[in-house]
Amino acid sequence: MDCGPVRKDDATGQAARVSYWDAVYDQAATIQLLRLFAQHPETRVIYFNDKEVQKAIGGGRVTAVPGHNDHFHVEIKRRR
Ligand SMILES: [Zn+2]
């Protein structure tokens with residue numbers, strides 16, 4: 001799934017698109033949210049290009065992939 005990073009305001013919808021270098025981007029809250037995904041045993045990969053987020057989560061759990069500046073991408077394991 002693709003999700004928008006957390007914003008400091010309450011904008012929603014297409015107008016709420018935010019990249020990790022934008023002032024309205026809430027990096028601390030995005031780190032908290034991605035930590036939940038990173039800790040979850042069924043999370044397979046997380047892509048997001050904010051290097052500070054990658055560092056904060058650690059363990060190589062969050063990696064950069066072209067195009068992932070304004071959303072993070074989470075894949076969960078296939079159920080067997
Ligand atoms: Zn994606």
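Which residues does arginine 17 touch, not counting residues up to four places away in sequence? Arg7 and Asp70, where contact means heavy atoms within 4.5 Å.

Okay, some housekeeping before we go on. This is a predicted model, so local features need pLDDT of at least 70 and side-chain atom pairs count only at pLDDT 80 or more, while totals for chains, interfaces and linings use all residues. Residues are numbered from 1 along each chain as its sequence is written, and side-chain values use heavy atoms, with hydrogens and water left out.

Back to arginine 17. You'll find arginine 17 in the loop between β1 and α1; helices (H or I, at least four residues) and strands (E, at least two) are DSSP runs, numbered from the N terminus.

Now cysteine 3 itself. Cysteine 3 sits in strand β1 and is partly exposed, at 21% relative accessible area. The cut-offs there: buried is under 20% relative accessible area, exposed is over 50%, and partly exposed is in between, with a 1.4 Å probe and protein chains only. Leaving aside neighbours within four places in sequence, cysteine 3 is in contact with His71 and Phe72. Cysteine 3 and histidine 71 are 68 residues apart in sequence, yet their C-alpha atoms are 5.3 Å apart in space.

Next, the pocket. Rolling a probe the size of a water molecule over the atoms shows where empty space is left. Here a pocket is an open set of points on a 1 Å grid over the protein atoms alone, where a 1.4 Å probe fits, with protein on both sides within 12 Å along at least five of seven lines; lining residues have an atom within 4 Å of a point. The largest pocket holds about 150 Å³ of space, the volume being the space filled by probe spheres set on the points, which are joined across faces, edges and corners. Its lining includes Cys3, Arg7, Arg17, Asp70 and His71. By class, that lining has five nonpolar, four polar and three charged residues. Ala, Val, Leu, Ile, Met, Phe, Trp, Tyr, Cys and Pro count as nonpolar, Asp, Glu, Lys and Arg as charged, and the others, Gly among them, as polar.

On to the metal. The protein donors of the zinc ion are Asp2 (OD), His68 (NE2) and His73 (ND1), at 2.2 to 2.4 Å. Donors are N, O and S atoms within 2.8 Å of the metal (3.2 Å for Na, K and Ca), and water is not among the atoms, so sites may look incomplete. Along the chain the spacing reads D-x65-H-x4-H. Aspartate 2 is in strand β1 (residues 2–3) and histidine 68 is in the loop between β3 (62–63) and β4 (72–76), so the pair ties together parts 66 residues apart in sequence. Histidine 68 is buried, at 10% relative accessible area.

Last stop, helix α1. Its 13 residues (27–39) should span 18 Å at 1.5 Å a residue, and the end C-alpha atoms are 18 Å apart, which agrees; the expected span is 1.5 Å times one less than the number of residues. Ala29, Thr30, Ile31, Leu34 and Ala38 of α1 are buried, and what covers the buried residues includes β2 (43–47), α2 (51–57) and β4. Arginine 35, also in α1, is partly exposed at 36%. Leaving aside neighbours within four places, arginine 35 is in contact with Ala56 and Ile57.
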